[in-house]
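Dear colleague,

Please find below the structure I wished to pass on to you. I would be grateful if you could read the notes that follow alongside it.

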Amino acid sequence: MNRVSREGPVLRVGRSDSDRYDRMRRVEWIDMDAVHSARILVAGAGALGNEVVKNLILAGFRMIDVADMDDIVVSNLSRCLFFRDRDVKKVMKSDVVAERASEMDPDARISSIPRRIQDIDYWNYDIALGCLDNIAARMHLNSHTYFRDIPYIDGATDGFRGKVHVVLPGGPCLQCTMNRTHVREAEKRFTCTGSSSVYVPRMAADITTTAVIAAMQVREALKIASGRVDMCLKHIAYYNGENCEMFTAEASVDPECVNHLLREGTQWGSR
Ligand SMILES: [Zn+2]
């Protein structure tokens, strides 16, 4: 808004303030055109999914599909900015996130995929962000994106602790880092809430940790979309909100990992 004195306007709104992404363009490595056109899959529309989609839209991503097969329950409302009390048990999470996030940017195209991640056509995407609550779903997303050379940014939270894992084509994937505990957990199909529950672990969660992890995921997506994978996290970041510590750990490719064996054994032309 202009300030006006008796002598007339003393401060004019410049073109920089009429450009929605002016402040982001001032970051020299961000390629806003590439960000606008990047095709993004967000798997999971719970707490992390809500925060990730909010950040994606504000950061200028405009081609977003949101996948989730659950509906909304009351316990979602403390961590999901797109959900309202009137939504409980009436609408699908992905439908609500897609509809309300669309209001944030009229130029964005946000679609809902209210289906299992096993039913997604992965060929449609440039980047996938995992906002899932179980290991089996993570492994599925990891395998299908790795096989197609789609960068995958996995986010996870447990109370005040969180983790982000960036999987780039040819690099160590989620399965490379699995141990026996992970394998046992992967055999369970569980979810925090929702009608599809088979096993409900009642995991601790809070919005502050969710917000940190979601922001880190979208920041890595900005780097990938802008062609700066050299700046990406290598490979896992661990966050502890109780003592405000964070550290990163490099993973290595497991030569026995089935995803690498499949990818390396497949001719490009047959994918
Ligand atoms: Zn692997």
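Predicted model: local features only at pLDDT ≥ 70, side-chain atom pairs only at ≥ 80, totals over all residues.

Residues are numbered from 1 along each chain as its sequence is written, and side-chain values use heavy atoms, leaving out hydrogens and water.

The zinc ion is coordinated at 2.2 to 2.4 Å by Cys173 (SG), Cys176 (SG), Cys257 (SG) and His260 (NE2); donors are N, O and S atoms within 2.8 Å of the metal (3.2 Å for Na, K and Ca), and sites may look incomplete because water is not among the atoms. Along the chain these donors follow the spacing C-x2-C-x80-C-x2-H. Cys257 has 3% relative accessibility and counts as buried (under 20% relative accessible area, with exposed over 50% and partly exposed in between; 1.4 Å probe, protein chains only). His260, at 3%, is likewise buried.

A search of the whole structure finds one aromatic pair (ring centres of Phe, Tyr or Trp, the last by its six-membered ring, within 6.5 Å; planes under 30 degrees apart are stacked, over 60 edge-to-face, the rest tilted). The rings of Tyr238 and Phe247 have centres 5.1 Å apart and planes at 25°, so the pair is stacked. Tyr238 is partly exposed, at 30% relative accessibility.

Phe61 is in contact (heavy atoms within 4.5 Å) with residues including Ile40, Leu56 and Val218, leaving aside neighbours within four places in sequence.

Yours sincerely
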